Structures are given as structure tokens and as C-alpha cells.
Amino acid sequence: MEIVSRWAAFGGEQLVCRHASAATGTAMTFAVYLPPQAASGPVPVLTYLSGLTCTHANVMEKGEYREAAAQAGVIVVCPDTSPRGEDVADDEAYDLGQGAGFYVDATEAPWAPHYQMKTYVEEELPALVAANFPAAADRQSIFGHSMGGHGALTIALRNPARYRSVSAFAPIVAPSQVPWGRKALPAYLGADTAAWRQYDAVALIEDGARVPEILVDQGESDTFVITQLRPELLAKACADAGIDLTLRTQQGYDHSYYFISTFMAEHVAWHTQRLA
């Protein structure tokens, strides 16, 4: 693992790291914030998954999580949204290909050789962080935005023993039922809709997956909420399954990092309580 850059921040360090990924077969870049408490021993880890078109840099530069993470004493890890490179399959549209990995393990050509983001986020990245940083392996939580909110919800639902908590900003909760997902899932996974269900939070809950509670913030002025995000589907699935969902509609906020940064500290604090 190579440390590409590092900056002092709130008594800790913000790093950008790069490594050769066995999962994707490419170089992968991620950001990691080490709070000052990490100098004294293992601390909890909070993983943030970004949305469509983003890299690690979007939340690192706009998310405003460092002060809250320093106060809480948690490592924040921010991976990229897909493999990248000249030999990596891509699409001209923003919602497929590089920058739009949807946190799935692709099975279809031309995506399968590199688009193994489920394995990367669930297995390879946590092991890499644990091997190189003072991370408490038994204290992990996960959150994300939009496509990354979809990733966080599905990963937590598939791994309830690993992640102590999960939250999301404006997540895609049912990609099988909205245009973004109906484009990406068959491209990456094929036409069999049964194969999509492990990558759909609502479908996972319907199929029996459980977490104790979920926190979701949704901007009331988000232009994607009706057609792409559909938070009411998550609300119904959680109600039917007995999952404690806190769904907060934030008046006047949209889908941007102005929205995310406003409520970032609250999410970090919410996870910190569950990581204690």
C-alpha cells in the first residue's frame, strides 16, 4: 500500500492511499482519516460509500466529517465507487461503468473482470485497513450517499454481524424498481432478476435480512426522490419487518454535498454511540 498524500487535520491525519487490488485487478485509491486517538491504539472504523460519478475525493473535500471523527475517535474510510483505468470497461453515460460500480460483483461481460466492488468493500478493503492502521476490527459501521447509500444498506443487511450500525443520505433503496437500477443491474448481473435481490435493500428485507435499526436523511427538495430514491418503499419494508427506521425529511435540502455536510456530524455521532 502506498500513501499518496497526507495532511494534518483536527489533531489527526487525512491520508490518500493507493494499492493493487486483487478483487478488481486494478489499482484502487481510497481516503482514510486517522483521528488523534489512533496514535494510542485501535479505534472504531466508519466506512463511507460515495454516489454516482464520485471518487474518494468528493466526500474527503466536501463532506466535512473530520472534526466530528476527531472528537469521536473513529477512523473514516472512503473508497472509490468503481475500478478505473484504460483497460477497465466503461460507458459514455454517467450512470454505468467507471464511477458507477453500484457495489456489485459483476457477472456479465465486459464488466466482470474488474467490477467486483462487493468483494472489494466487504472483504479486501477492511482487511487492508486492519493490516495497515490501528483499526478495531470488531467495531465497524457503514454509511453512504445515493448509490453509496444503496451500497451501505445492502452490505449491512448482508453482514449484520460485522457492522454495528448503518445509515444513509438519500439512498437508492430499491434499485430493482427504479431507472438507475434497472439500467445497471441487468448490465452487471444479467437478466435474471433473482440475482439482483442481494443488491436491493428492500428485496433483502423482504427476503429476511435484518439489522436492528437504520438512520436515513432525505432532502425534501431532492429532484431524484420520486423517480430514483423511493424512500417510502424502505419505510414500508422496515415497518413490515419490524426494523427501527428513522427516516428524516430535511426541508429545503437537495441531493448535493451541501445537504450531506449539514448532517454529516449527526451521522458520525449516531454511529459513534453504537460503536462505543
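Predicted model: local features only at pLDDT ≥ 70, side-chain atom pairs only at ≥ 80, totals over all residues.
Visitor: Where does Phe10 lie?

Guide: Look in the loop between strand S1 (2-9) and strand S2 (12-20). Now check the backbone there. Most residues other than glycine have a negative phi. Phe10 is not a glycine, yet its phi is positive, about 50°.

Visitor: What is the phi of Ala170?

Guide: Ala170 has a positive phi too, about 45°, and it is not a glycine either. Ala170 sits in the loop between S7 and helix H5 (179-189).

Visitor: Is Ala170 buried or exposed?

Guide: Ala170 is buried, with a relative accessible area of 0%.

Visitor: Which residues does the cis peptide bond join?

Guide: Start with the general idea: most peptide bonds are trans. Here, a cis bond links Ala109 to Pro110, with omega at about 0°. Find Pro110 in the loop between strand S5 (75-79) and helix H3 (117-132).

Visitor: Let's turn to strands. How many residues of strand S6 are buried?

Guide: Eight of its eleven residues are buried, so strand S6 (residues 135-145) is largely enclosed by the rest of the structure.

Visitor: Which strands pair with S6, and in what sense?

Guide: Strand S4 (residues 43-49) pairs with S6 in the parallel sense, over six bridges. Within that pairing, Val45 stands opposite Gln140 of S6. Strand S7 (residues 163-169) also pairs with S6 in the parallel sense, over five bridges. There, Ile142 has Val166 of S7 as its bridge partner.

Visitor: What unit do S6, helix H4 and S7 make?

Guide: Follow the chain from S6 through helix H4 (residues 147-158) to S7. These elements make a right-handed β-α-β unit.

Visitor: How do I read the core? Which residues touch the most other members?

Guide: In soluble globular proteins, nonpolar side chains tend to be buried together. In this model, the largest nonpolar core has 94 residues, and Phe30 and Tyr188 touch the most other members. Helix H9 (residues 257-275) gives the most to this core, with seven residues.

Visitor: What is Tyr188 in contact with, leaving aside its neighbours within four places in sequence?

Guide: Tyr188 then has contacts with Leu96, Gly97, Ala100, Gly101, Phe102, Val104, Ala106, Thr107, Glu108, Trp111 and Tyr115.

How values were computed:
Residues numbered from 1 in each chain as written. Heavy atoms only, no water. Buried < 20%, exposed > 50% of the residue type's maximum accessible area, 1.4 Å probe, protein only. Helix = DSSP H or I, 4+ residues; strand = E, 2+ residues; numbered from the N terminus. Pairing = 2+ DSSP bridges. Right-handed = clockwise from strand over helix to strand, strands pointing away. Core = buried A, V, L, I, M, F, W, Y, C linked by side-chain atoms within 4.5 Å. Contact = heavy atoms within 4.5 Å.
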